[in-house]
Amino acid sequence: MIELKSLSRRYRSDEIETTALHDVSLTIRQGEFVAIMGPSGCGKSTLLNILGTIDRPTEGRYLFDGEDLTARSEAALAQHRAQRLGFIFQSFNLVDDLTIAENIELGLLYRKGRQGSRRALVEAAMDRVGVGHRARHFPHQLSGGQQQRAAIARAIVGEPSLILADEPTGNLDTENGAQVMEILKGLNAAGATIVMVTHSPSHADQAGRRIDILDGRLVASVAQAI
Ligand code: ADP
Ligand code: ADP
């Protein structure tokens, strides 16, 4: 599904050049659950941003289902994101003055479809993550765990083929983190491909493969029994 070929990302500001990713080659098959680990500043976010097409590599190619995304226009990439990708963040990123149901419907913003069928999709996504009883509440009325589950519902309501999660359990306690991991594993079992950045070894162990990054280079890619 995903093929990165000799991908590099350099940042240049004034005279200083930083290589955030160096010659990264990586294949992720459809249906995989991949965890990415590494110390702060090693390039994890840069890799996730490139996979999410919100950043572009300075060298190398990114193939998605065989199609070269590095050559695509911004408009084509925006459509690609809306149709195929779901994003989950450490800090939830819900919109404060929209209800939980309205927040989740944002995940369908670029989808056509009647109001009735959109509502059914939102309700199905809410039930899947267990926030159906919070539909008319606002984000600040929910616990952190509930907010993150609502954010997951927003990410999956459009049935993306690839879910990108940037430290999805980083702001949660052990129990809520475990709940989020169970939801992600359930989505993966139902067919979604997941790439998750995490600092938690026990959460990384629950993925099907672990990739370690150090100083912008892949240093290990380990298949795991799950
Ligand atoms: P991580 O997510 O693993 O903490 P990042 O991908 O955020 O690492 O950063 C990798 C490297 O690239 C770091 O040295 C960081 O300082 C640098 N970097 C990231 N974004 C920028 C930017 N916009 N401009 C300049 N340097 C950046
Ligand atoms: P969960 O286990 O689902 O994350 P918690 O046990 O943390 O929920 O919270 C218990 C209940 O308290 C929940 O129903 C939640 O909606 C409510 N709650 C948590 N934080 C707040 C808040 N800041 N304002 C209003 N209600 C809250």
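Predicted model: local features only at pLDDT ≥ 70, side-chain atom pairs only at ≥ 80, totals over all residues.

**Helices and ligands**

Reader: Which hand does the crossing of H4 and H5 have, left or right?

Author: The hand of the crossing of H4 and H5 is right-handed.

Reader: How are H5 and H6 oriented to each other, roughly parallel or oblique?

Author: H6 covers residues 174–189, and its axis lies 9 Å from that of H5. The two helices pack at an angle of about 20°, and H5 passes H6 in a right-handed crossing. Angles under 35 degrees count as roughly parallel, so H5 and H6 are roughly parallel.

Reader: Now to the ligands! Which helix gives the most to the shell around ligand 2?

Author: Ligand 2 is surrounded by residues including Arg 134, His 140, Leu 142, Gly 145, Gln 146 and Arg 149. One helix, residues 144–156, supplies 3 residues of this shell. That top contributor is helix H5.

Reader: How many residues of the shell around ligand 2 are polar?

Author: The shell has 1 nonpolar residue and 2 charged ones. The polar class makes up the rest of the shell, and its count is 6.

Reader: What percentage of the exposed area of ligand 2 does the protein bury?

Author: Start with the contacts to oxygen atoms of ligand 2: a polar side-chain atom of Ser 143 lies 2.5 Å away from one, and a polar side-chain atom of Arg 149 lies 2.9 Å from one. For the side chain of Asn 176, an N or O atom is 3.2 Å from an oxygen atom of the ligand. Taken alone, ligand 2 exposes 560 Å², and the share of this that the protein buries is 46%.

Reader: Which helix gives the most to the shell around ligand 1?

Author: The residues around ligand 1 include Tyr 11, Thr 18, Ala 20, Lys 44, Ser 45 and Thr 46. Strand E2 (16–28) and helix H1 (44–51) each supply at least two residues of this shell. With 3 residues, the one that gives the most is H1.

Reader: What percentage of the exposed area of ligand 1 does the protein bury?

Author: Again, look at oxygen atoms of the ligand. A backbone N or O atom of Gly 43 lies 3.0 Å from one, a side-chain N or O atom of Lys 44 is 2.9 Å from one, and a polar side-chain atom of Thr 46 lies 2.6 Å from one. Ligand 1 taken alone exposes 560 Å², and the protein buries 60%.

Methods:
Residues numbered from 1 in each chain as written. Chains lettered and ligands numbered in written order. Heavy atoms only, no water. Near = heavy atom within 4 Å. Polar contact = N/O pair within 3.5 Å; in protein donor to acceptor, adjacent residues only side chain to side chain. Areas by Shrake-Rupley, 256 points an atom, 1.4 Å probe, with all protein chains shown as cover. Helix = DSSP H or I, 4+ residues; strand = E, 2+ residues; numbered from the N terminus. Nonpolar A, V, L, I, M, F, W, Y, C, P; charged D, E, K, R; others polar. Left-handed = near helix turned anticlockwise from the far one by under 90°. Axes fitted to C-alpha atoms, helices over the stretch in contact; angles between N-to-C directions. Parallel < 35°, antiparallel > 145°, perpendicular 65-115°, else oblique.
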